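Here are a few exercises to work through with the model open in your viewer. Try each task before reading its solution.

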Amino acid sequence: MNNFFNKNMKFGHFDDSNREYVITNPKTPWPWINYLGNEDFFSLISNTAGGYTFYKDAKFRRLTRYRYNNVPMDAGGKYFYIKDEDTIWSPGWKPCKTELDEYECRHGMNYTSIKGVKNGVSANALYFVPLKTWAEVQKLTLTNHSDAVKKLKVFSFVEWALWNAAADMENFQRNFSTGEVEIQDSVIYHKTEYKERRDHYSYYSVNVPIQGFDTDRESFFGLFNGFDEPQVVAEGTPRNTEAHGWSPIASHYIEVELNPGESKDLIFVLGYVENAAEEKWESKNIINKTKAKETIARFDTVEKVDAALADLRKYWDNLLSVYSVNSGDEKLDRMVNIWNQYQCMITFCFSRSASFFESGIGRGMGFRDSNQDLIGFVHQIPERARERIIDIASTQFPDGGCYHQYQPLTKRGNNDIGGGFNDDPMWLILGTVSYIKESGDFSILDEMVPFDNDPATATTLFHHLTVSFNHVVEHLGPHGLPLIGRADWNDCLNLNCFSNDPNESFQTTENKTEGTKAESIMIAGLFVVYGRDYVALCKRLGKADEAERAQKHVDAMIDAVKKYGWDGEWFLRAYDYFGNKIGSNENEEGKIFIESNGWCTMAGIGQEEGYCDMALDAVKERLDTPYGIVLNNPAFTKYYIEYGEISTYPPGYKENAGIFCHNNPWIMIGETVRGNGNRAWEYYQKICPSYLEEISELHKTEPYVYAQMVAGKDAFKPGEAKNSWLTGTASWNFYAISQYIFGIRPNYDGLMVDPCIPTDWKEANITRKFRGATYRISIKNPDSKSKGVKQLMVDGKTINGNIIPVFADGQVHEVQAVLG
Ligand code: GLC
Ligand code: GLC
């Protein structure tokens, strides 16, 4: 294993005090990216300035174009070309690829700054989206470190997308005729389709007079040149082109003269405007530029830009102050305190829509995904979580089923994919309960929420939870276990699809069977965990009858799992359409799966009988690898039409025996339920990116964020990651480490302290802001235990049990928990 990649290879380092990852070699093994913006306006940016920008929805409001899966990789972005005599270079090395004398990219919390130095000139490009702003601000600082005067020619560059990112990539017979721009002062406006159905345009400005511009792409590059050698830049003279159709771009040309030691800043603003119908025009065919000018004026000096960046930093100081640890292990602390929480914000904002692996046109917000994303985000901004829950629940159907995805711009369910994923409804209980436990705000349950966005059908959110619960109860199969539908959490376990047509997608194709037989033991475990939450909630609300009714179903599910879901050494995964077992020792391939063993041990099903211990030990023995826990074993080596997509992947990838990092925390939490802190911690470290920084070349994706998948033991290159950033891995790992390993867990009445740590940890310290007070929690472990709080003191007084009360007094409270 691992022969090609045994050398230590890093491409940068963490700078924890600035909360940055600093990349010092532009030739990373894959573009290492960052996200700008965290509300309405977003950009993706790589360490070489590749990427693109959109407003709210990466499909419907794409401002700038991006070419996925191009040659070379990562083509197109927010580029600056600097012509210094005959040398043409870019601060991010790409696109020019002129070797730089120095290069450094700092990815921080919603900002990126990329610096290049060449022939005595440094260029530092800072990119960020200021808070509450529909624009990306770029500050380019040029400094002359040489002893001669420098006369630089600077060309900016962005390429407009014609708004709908999907149509932009296919409908060329139309697109090549529609493009329109306006140029006024130093601002280039992109107004394609504005005169008819669009009420929005975009613009790209700079805060100094320009000496020229270009807006026609082919004139700028020349027909035969790539991003690395625009003809206009090579010639050093702009052509002042106005685009009519074809492919509009925006490039400013600025001449900058720098004396030795002198420094100048150029501020660019790439923004988006919406105008009401009656305010669209200044005069015939001339767009109303008022709002663009207002935004440009907010960032026209260095002082204003620096102040906006300082505000953004303060915003992150505040968000990250809600949960922080001091464990003495810097790799752990930087993940918990900075990067894992940051990634949780990103997954909250983007769900699975736009990354360097998700094209922004394939998927919107996922019902199950967005609910799970909440568990790593809700403590940061509970109000936004609340809004999200209502949006998600509004895409549910009256019978508790739901659209699998919805579009962020319209908030409507996505008809292309529809519903029928039978795990979906239960995640709404997780999302809602997590919000209430964090905020104490039970009023969300009384919110009137429609079904399928039809206001006439609105009922309370609580009722949505009831129908979610009932959806499972009303869809039980022959063994009393939940019917799987199209798939459960594992999108690729398609037990009713029987697809033999390569032109159909396993997720969107109608099932070929009526789906009354195939059952999921993963949903069974999920139902027990969140069914119990539902029962507890009903009791809290004084709904004793409903609690009793629900409890009976939970108990029945536990019995069904014990009777039909236990294989002798571990939990079965499912029953297929023919009633045959999946995930059983009887199977030749796919004998054991992670998901059902995670959920049934989290639920503690059969703990008395020793099932949980056996199942977790079987996972350790059969699924664990040096890089994490694989999804199933043995991997499938042929196509099983009755299993669907799972058996289409080559062994070791994705859902077929890949290390699907999303589900590893389920086993970590299962381990904490049985009190095995050493194991939980071992699993945590194996997939945690900061511990993999030294093997960056093998790992390939960013060492500061989780990837969805790491190639498993059956793969060609075990340990190689793919699909970084947008994955439920972010929230589940934060949930596991913060709430189950450190064990600081919000509940209705307060903050539970229930750590499950490695026996050799002597101490851990956590600061947690919770419902209006700050708790400084110190965990002491004098007897080398894993779990069990023998003494809990709050402000010097002993408390019975392990729940710290809600003080809501704005004060700091000292908490000491002693394990024993
Ligand atoms: C992807 C999907 C998620 C699914 C998982 C496993 O990450 O976004 O919904 O649960 O794959 O198939
Ligand atoms: C594929 C992937 C899975 C993903 C799904 C989304 O099946 O394997 O991870 O969730 O596509 O459509």
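A polar contact here is a pair of N or O atoms within 3.5 Å; within protein, one must be able to donate a hydrogen and the other to accept it, and residues adjacent in sequence count only if both atoms are side-chain atoms. The model is predicted, so local features need pLDDT of at least 70 and side-chain atom pairs count only at pLDDT 80 or more, while totals for chains, interfaces and linings use all residues. Residues are numbered from 1 along each chain as its sequence is written, chains are lettered from A and ligands numbered from 1 in the order in which they are written, and side-chain values use heavy atoms, with hydrogens and water left out.

**Exercise 1.** Find the residues around ligand 1 and work out what its oxygen atoms touch.

Step 1: pick residues with a heavy atom within 4 Å of the ligand. For ligand 1 you get R352, R363, R368, D369, W489, N490, D491, E655, F660 and Q708.

Step 2: The backbone of W489 puts an N or O atom 2.5 Å from a ligand 1 oxygen.

Step 3: check the cover. On its own ligand 1 has 310 Å² of accessible area (Shrake-Rupley method, 1.4 Å probe), and the protein covers 97% of that.

**Exercise 2.** Which side chains have an N or O atom 2.5 Å or 2.6 Å from an oxygen of ligand 2?

Step 1: list the shell, which is R363, D491, C492, Q507, E645, Y649, K654, E655, F660 and Q708.

Step 2: go through the distances. D491 comes in at 2.5 Å, Y649 at 2.6 Å, and E655 at 2.6 Å.

Step 3: sort the shell by type, with Ala, Val, Leu, Ile, Met, Phe, Trp, Tyr, Cys and Pro as nonpolar, Asp, Glu, Lys and Arg as charged, and the others, Gly among them, as polar. That gives 3 nonpolar, 2 polar and 5 charged residues.
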